[in-house]
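Visitor: I would like to learn how to read a protein model, one feature at a time. Could we go through it together?

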2 protein chains.
Amino acid sequence: MVVTVLSLHQLRCFLATYEHGSLTAAAAELGYAQPSVSEQIRALEKTLDVPLFRRVGRGVVPTTMADELRPHAERTLAAADEARRAVASARNFETGTIRFGMFGTARLYAGAGLVADVLERYPGVRVELIGQNSTDVQEDLRRGRLEAAMIAVPAASSEGMSVTPVAKDELVYISADPAHLATPVTAHRLSLAKLVMPETTWRAVDSTRMVLRQMLHETGRNPMTRIEVEDVETAVELVGMGLADSVIPKGAAVQLLPRLAPGAGYVSLRPRQYDSLAVVHRAGATLSPAARLMIELATARIRQIAEPYDPR
Amino acid sequence: MVVTVLSLHQLRCFLATYEHGSLTAAAAELGYAQPSVSEQIRALEKTLDVPLFRRVGRGVVPTTMADELRPHAERTLAAADEARRAVASARNFETGTIRFGMFGTARLYAGAGLVADVLERYPGVRVELIGQNSTDVQEDLRRGRLEAAMIAVPAASSEGMSVTPVAKDELVYISADPAHLATPVTAHRLSLAKLVMPETTWRAVDSTRMVLRQMLHETGRNPMTRIEVEDVETAVELVGMGLADSVIPKGAAVQLLPRLAPGAGYVSLRPRQYDSLAVVHRAGATLSPAARLMIELATARIRQIAEPYDPR
DNA sequence: CAGGAACCCTAGGTCTGACCTATGGTTGTG
DNA sequence: CACAACCATAGGTCAGACCTAGGGTTCCTG
């Protein structure tokens, strides 16, 4: 024997029939031919193994089983409709969650503004800015947990990833000693400086570190840090206390120095060095509207702060 | 473009995939081949017009849309399941409503007991005993509002109906005057009596009246009532007050006389007359379990009180 | 009371879509 | 670098969702 399975369509036919007391009327309402509705009802009666209507000369009359079924049928259809609506409204950013990866320097001074931008346009959404470190974010992207991200990359290339640079963020030398800031800092001076550097856990892969290593390597110097800390804020505070100097993205310096190290200032490196801020996602993926939105907003916001990307 | 429509099956596939993070695992759980689940998910994504999973090298990862959909999908499937269970338990008389037609004399003294019988066996059900008068009940049966009924019928026959007599209920003469009860009451004495008769609205079709008309007609007498009332209780009270005598089913007399007319008694007619208590339903209908249950219990209950049907 | 209207059902035919197996392309792993 | 794990595609089968056409009741009406 063939087992049919409960379907929303059957429930719709059932309710229309129940309300009209007539298969013909139900079929008219649903836009089907009468035998089609008849068949659905029969199928439903078969799957539930219960008579739902008594066929009496004119029209049909619901049985007590039908009375029992009706509220549940309505609830089920309502739930299904609710599901549709929930997804539809999420798709239109009226509700739902927008998740975006954003690591380190970018998030540090564009994060709050970016969230504000999103909420202004779509007040109903939840926003998640994900990412401790660019390595983590890359991992999340690779595993599919994140669809797209804006991160700092030392070079604009990564395996299997589409990397689109949108801005460059200058790396500046910060110090509480005005003498250290009189002229741009060369690789030579940098190699002699007492430095405090953040992102200790990620020091091997951190984008700023990689840029500095590259700079020093070209002049035959070795990087040497006096203090290692985890977060940029701590590093800046230590600079403010005159215990060391540091190199951080200019955007971070502008934002953090007045607050955490009022007496300190910054100066460029010579030659100037840059982090590249890029939009990254899996190569070959078609981006969702949410991701496109975030990329657009994040790009605009970043470009207000950092210099536009200039391919050298 | 073809529009697919949301289906429970799609939601099931979606949830399985969401939970396992894998189409293959979902297919295994659901007992399908992997491409089948894949197809369902794709259909669902198409009907909702949103991507639900990102296909990443190994497995699939739910998008935020999927996060949004999941609770609704669960609720919808739960509601559908609830519907199944509700009907199933109603079918097993664990809950739900049992509706049964039962008119006049039968209900009068078997109704409460019958309801008790049903509730004892199936504590969860609702019971509806429907019917003011047998004519109403016949109408309800014909229109399909009632599936089956136990009613008093003058003769065991009715158009388009299956009538199965189960008992006969003797009609007795009741009076507060002992002299009236000394010997069985003949048609002659009946035609001379001052009578109060109930069921005024239905006097033309009432089963007891039809039996009496038949009895008097055979001896050339005309029926004559002194008082017409609607319900048997009132008639019995009037008999108790000595204002008139009456003819009612014996079961009703046994039950009502001690309570409503303590001084009154009853005596048979000569020849004895009977209402026929019969199970009635539409000819050719297959009866539901609920109806069969009610017929069984009502028959048992009635036979404890009235004499078994004896085809003459 | 005959005819028609308003229902239902059945029969038989078309076509979508649910499902399968087989196979090819990616990705991650020993 | 081969292998395992996983998803997508292709192509074929079959159930079932739909239709039209027509037959049987019931009920109303002239």
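Visitor: Which residues does A:Glu199 touch, not counting residues up to four places away in sequence?

Guide: Contact means heavy atoms within 4.5 Å. By that rule A:Glu199 touches A:Phe103, A:Asn133, A:Asp206, A:Arg209, A:Val229 and A:Glu230. The residue is found in the loop between β8 (196-197) and α8 (207-218) of chain A. Helices (H or I, at least four residues) and strands (E, at least two) are DSSP runs, numbered from the N terminus.

Visitor: What should I know about the model and its numbering?

Guide: This is a predicted model, in which local features need pLDDT of at least 70 and side-chain atom pairs count only at pLDDT 80 or more, while totals for chains, interfaces and linings use all residues. Residues are numbered from 1 along each chain as its sequence is written, chains are lettered from A and ligands numbered from 1 in the order in which they are written, and side-chain values use heavy atoms, with hydrogens and water left out.

Visitor: Is A:Glu199 buried or exposed?

Guide: Buried means under 20% relative accessible area, exposed over 50%, and partly exposed in between (1.4 Å probe, protein chains only). A:Glu199 has a relative accessible area of 14%, so it is buried.

Visitor: Where does A:Ala152 lie, and what is it in contact with?

Guide: A:Ala152 lies in strand β5 (residues 148-153) of chain A. With a relative accessible area of 2%, A:Ala152 is buried. Leaving aside neighbours within four places in sequence, its contacts include A:Phe103, A:Thr105, A:Ser134 and A:Asp275. The C-alpha atoms of A:Ala152 and A:Ala106 are separated by 7.1 Å, although these residues are 46 apart along the chain.

Visitor: How do I describe two packed helices?

Guide: Two packed helices are described by the angle between their axes and the distance between the axes. Axes are lines fitted to C-alpha atoms, for helices over the stretch in contact, and angles run from 0 to 180 degrees between N-to-C directions. Take helix α1 (residues 8-20) of chain A and helix α2 (residues 23-30) of chain A: they pack at an angle of about 125°, with their axes 8 Å apart.

Visitor: How are chain A and chain B related?

Guide: Two copies of a chain are related by a rotation about an axis and a shift along it. Here chain B can be laid on chain A with an RMSD of 0.2 Å by a turn of 179° and a shift of 0.0 Å along the axis. That is the relation of a two-fold axis. Copies are superposed by least squares on the C-alpha atoms of residues with pLDDT of at least 70 in both. In chain B, the C-alpha nearest the axis belongs to B:Thr76, 2.6 Å from it.
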